[in-house]
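I opened a new model today and kept notes as I went. The entries below follow the order of my look-ups.

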Amino acid sequence: MTLSEVSGRDVSVNYVTMNGSATAGSDYTAVTGTLTILAGQISGTISVPVIGDAEVEGDETLKVNLSGAVNANIADNQGICTITNDDTSG
């Protein structure tokens, strides 16, 4: 998550992953929590574990929904993440 400008106060936001074309439990591990961006910083990272397989398939997507911001306003409450296929037929 990236702020539009550096804040003089800590900023926090709740997050939760949601299925897109990728499915929790088979393509990625669902995560939920609160991200805090410390005062003076511009961004923070949410990690979503990918569940690898050997199946050749197209790239898949999942969503990260944001809510409950403290010391900030949410301009876009949903991000889209892409899991890039790295398997080849052989």
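Where does Ala 39 lie? I found Ala 39 in the loop between strand 2 (32-37) and strand 3. I note here that the model is predicted.

**Entry: Ala 39**

I checked accessibility next. Ala 39 has a relative accessible area of 36%. I therefore log Ala 39 as partly exposed, since that class runs between the 20% and 50% cut-offs.

Then I looked up its partners. I left aside neighbours within four places in sequence. Ala 39 is in contact with Ser 7, Gly 8, Arg 9 and Asp 10. For Arg 9 I also took the C-alpha separation from Ala 39, which is 4.5 Å. Along the chain, Ala 39 and Arg 9 are 30 residues apart.

**Entry: the whole chain**

I stepped back to the fold. The protein chain has four strands and zero helices. Read along the sequence, the pattern is β-β-β-β. The radius of gyration is 15 Å, well over the 12 Å that the globule rule gives for 90 residues, so the chain is more spread out than a compact globule. I also took the span of the C-alpha trace along its principal axes, and it comes to about 55 × 20 × 20 Å.

How much of the chain is buried? Buried residues make up 22% of the 90 residues. I then turned to contacts between residues at least 6 apart in sequence. Of these, 58% join residues at least 24 apart.

**Entry: the nonpolar core**

Which residues form the largest nonpolar core? I listed 10: Val 13, Tyr 15, Ala 22, Tyr 28, Val 31, Leu 35, Leu 62, Val 64, Leu 66 and Ile 83. Strand 1 and strand 3 each supply at least two residues of this core. The largest share, three residues, comes from strand 3.

Beyond its neighbours within four places, Leu 35 is in contact with Met 1, Val 11, Ser 12, Val 13, Tyr 15, Gly 44, Thr 45 and Ile 46.

**Entry: Ser 12**

Ser 12 came up as a partner of Leu 35, so I followed it. Ser 12 lies in strand 1. Is Ser 12 buried or exposed? Ser 12 counts as buried because its relative accessibility is 16%, under the 20% cut-off. Again leaving aside neighbours within four places, I read off its contacts. They are Thr 34, Leu 35, Thr 36, Gly 68, Ala 69 and Val 70.

**Entry: the largest pocket**

I ran the pocket search. About 330 Å³ of space lies in the largest pocket. Its lining has 17 residues. Thr 2, Leu 3, Ser 4, Ala 72 and Asn 73 lie nearest the centre. Strand 1 (11-19) and strand 3 (60-70) each supply at least two lining residues. I sorted the lining by type and got 10 nonpolar, five polar and two charged.

**Entry: Asn 71**

My last look-up was a backbone angle. Most residues other than glycine have a negative phi. Phi of Asn 71 is near 70 degrees, a positive value in a residue other than glycine. Asn 71 is found in the loop between strand 3 and strand 4 (78-83). With a relative accessible area of 35%, Asn 71 is partly exposed.

How values were computed
Residues are numbered from 1 along each chain as its sequence is written. This is a predicted model: local features need pLDDT of at least 70, side-chain atom pairs count only at pLDDT 80 or more; totals for chains, interfaces and linings use all residues. Side-chain values use heavy atoms; hydrogens and water are left out. On a 1 Å grid over the protein atoms alone, a cavity is a set of points where a 1.4 Å probe fits but cannot get out, and a pocket is an open set with protein on both sides within 12 Å along at least five of seven lines; lining residues have an atom within 4 Å of a point. Grid points are joined across faces, edges and corners, and a volume is the space filled by probe spheres set on the points. Ala, Val, Leu, Ile, Met, Phe, Trp, Tyr, Cys and Pro count as nonpolar, Asp, Glu, Lys and Arg as charged, and the others, Gly among them, as polar. Buried means under 20% relative accessible area, exposed over 50%, partly exposed in between (1.4 Å probe, protein chains only). Contact means heavy atoms within 4.5 Å. A nonpolar core is a set of buried Ala, Val, Leu, Ile, Met, Phe, Trp, Tyr and Cys residues joined through side-chain atoms within 4.5 Å. The radius of gyration is taken over C-alpha atoms; the globule rule is 2.2 Å times the number of residues to the power 0.38.
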